[in-house]
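Please look over the chain shown here.

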Amino acid sequence: MSIASFTDNKTGTVAGVLDEIDTHAHVRGILDEGSKREIRRATLSAVCVPGYQVPFGSREMPVARGWGSGGLQITLGLLGTEDVVKVIDQGDDDGVNATNLRRLIVSSEKCEQTQDTREASVIQSRHRIPEEPMGDDQALVLQVPVAEPLRGVQKSVSECARMHSEADYSMMWVSLYEDLVRNGVITKTTGYPVLVAGRYVMATTPIPRWDVPRLHNSPHLTLFGAGREKRIYAVPPYTTVEPLTFDDVPYEVEGEGETGCARCGSTDTFLVEAPGNRKMCSDIEWCTRTLDGDVDAEKHTAAAPLSYLPDPAKRVRSAISVSDRGAAPQAPARSVPTTAEGWTLAARGVGKIHGPGGAEAVPGTGPETGTAISPLTGGIVAAWDVDFDVAPGEALGLIGESGSGKSTVLRCLVGEEIATTGAMYLTSVEGGKRNVFDLTAPERRALRIDTLGLVHQNPADGLTMTVSAGGNIAERLTAAGWRNYHQIRDRAAYLLEQVEVPLDRMDDPVRTFSGGMRQRVQIAKALATDPQVLLLDEPTTGLDASVAAGVLDLLRRLLSERDTAAVVVSHDFAVIEALTDRSLVMNVGRVVESGLTDQLFQDPHHPYTQRLVAAARR
């Protein structure tokens, strides 16, 4: 099969291209036909879903370290006898690795070889896209050392998969934000993250930033092979490839625009360090052909990313102060819709049972029997038939001892647990007519970005401890679609100021903060997008009395200033009394009393409520 037929898509469909690959079969060389077929199938999938990492059964290869077994396997799987292969290593066709790898490929596949980019149908490269502009009859295979773009921000493989599936790339934006804060520029070189076809974030390892713009709408096919991670992914011809960068921070490539190659004088190529403190073209073939006058200089200059060279005048300001910030940007203004009954959030008959039995587990449990364990099924009735609503600007309390079910109800509302029964309604979701519990997990998570703000009992559950205070707020803002670096930074400064975190600590990792300051940062993060509903789970537990009093004063002020519905969960009646208008008292999974908080505190009726009030008054 010729690579020209792979990239020839005159019919306007992918089907013809895929048929050509799948019908290419010959038994020869290092890989058996079964291995090649598996590689081709993975390659087809990668072409169909640009930027998506397709798993394949990577084989152990008889090659030296650094030869890139993933790239080699793709090349061996695609080549036919009519193809011409070129191999580059560190910009050099004649280096030891390039020479031996080319000899291995030619010996295995009985194809032709060349050092001239213009003659090659398949180019296997380590670290570079050739300086010679490639055409639509060519394919570029890149050897990838690290395939997963999220590895630097997320260690869990399953969580990386979830983030890709939901296009949840906020932590990638946070990593860029933190880089700008520290250095004033994005320092990442190889592996710069890009958005492919408007959908998947992909790492551009192994190529430098200089080559990234040359992937955008390129006529040639680019294939990435990671043998160790057993992944293949692709940028098909004429596919959009957009570097992740903030709207007000221009993407930059390496270089100065004035320094030329010490050998050929080119000022529109990617230069690398050379002996004698000089710079030379990294693509030796192009450099040599330039000296020989065998290049189309005008075509090359047009394809070079010169418009992305650094412009110091456009770089970000690294520091921030209250005096020069001006009016802080706010989250997009939106009305707070309510139903005819006046609520923003409503919980109807919420129940959660751990273990077997469902509703059959309920009889024999509750305050009357003093147990949450079902005598019939052995299931644990953590909460049952919990019913309430909250209006804009109103704070509702859920109070009870540990194990009363209050935190379980909150976790069901936020989506951290799946309710066994009942319903939850938000006026922002189909006017309050759609049961939020029926939404998919990604839809529930999306609600937590701009509609629900959650403050955890343990700040470490709501913050990324290795990220700065400003970066934690940036995580929520970028997840909500904010893409202006200075607006994000100003918004973060404004919120931190509101919660009384000193701005000179804004760029410090929150792991260096005290417990009370961490809780304040978490509150600022929860309020970043002006959510309609704020959910607070034991917001002062674990804090010293004086620190807890300060957090309560802060929350009381913020709730009074905002038209936000709030649900406050606590075992401490003093916290509930300080923050809420109405309250529900829970015991062994049931609501035993409800009413105005002041009334419950002054005139409790249920014996359990009386005990709670007595404890609070000691």
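**Backbone and packing in a predicted model**

Q: Is V588 buried or exposed?
A: This is a predicted model. The relative accessibility of V588 is 14%. Buried means under 20% relative accessible area, so V588 counts as buried.

Q: Where does V588 lie, and what is its phi?
A: V588 belongs to the loop between β20 (582–587) and β21 (590–596). Although V588 is not a glycine, its phi is positive, at about 50°.

Q: Which peptide bond is cis, and what is its omega?
A: P206 sits in the loop between β7 (200–203) and β8 (221–226). The cis bond runs from T205 to P206, with omega near 15°.

Q: Are α16 and α17 roughly parallel or roughly antiparallel to each other?
A: The axes of α16 (residues 515–526) and α17 (residues 545–561) come within 10 Å and cross at roughly 15°. Angles under 35 degrees count as roughly parallel. The two helices, α16 and α17, are therefore roughly parallel to each other.

Q: How do the residues of the contact of α16 with α17 divide into nonpolar, polar and charged?
A: The crossing of α16 past α17 is right-handed. From α16, the contact is made by G516, Q519, R520 and I523, and from α17 by V547, G550, V551, L554, L555 and L558. Gly counts as polar here. The residues of this contact divide into six nonpolar, three polar and one charged.

Q: What does I523 touch, not counting residues up to four places away in sequence?
A: I523 is one of the α16 residues in the contact with α17. Leaving out residues up to four places away in sequence, I523 touches V455, V499, V551, L554, L555 and L558.

Q: Which residues have the most contacts inside the largest nonpolar core?
A: The largest nonpolar core has 98 residues. Helix α7 (residues 170–183) gives the most to this core, with eight residues. Those with the most contacts inside the core are F246 and I523.

Q: How many residues are in the other core?
A: Another core lies apart from the largest one. Among its residues are V386, V390, V533 and L584. The number of residues in this core is 31.

How values were computed
Residues are numbered from 1 along each chain as its sequence is written. This is a predicted model: local features need pLDDT of at least 70, side-chain atom pairs count only at pLDDT 80 or more; totals for chains, interfaces and linings use all residues. Side-chain values use heavy atoms; hydrogens and water are left out. Axes are lines fitted to C-alpha atoms, for helices over the stretch in contact, and angles run from 0 to 180 degrees between N-to-C directions. Helices (H or I, at least four residues) and strands (E, at least two) are DSSP runs, numbered from the N terminus. Angles under 35 degrees count as roughly parallel, over 145 as roughly antiparallel, 65 to 115 as roughly perpendicular and the rest as oblique. A crossing is left-handed if the near helix is turned anticlockwise from the far one by less than a right angle, and right-handed if clockwise. Contact means heavy atoms within 4.5 Å. A nonpolar core is a set of buried Ala, Val, Leu, Ile, Met, Phe, Trp, Tyr and Cys residues joined through side-chain atoms within 4.5 Å. Buried means under 20% relative accessible area, exposed over 50%, partly exposed in between (1.4 Å probe, protein chains only).
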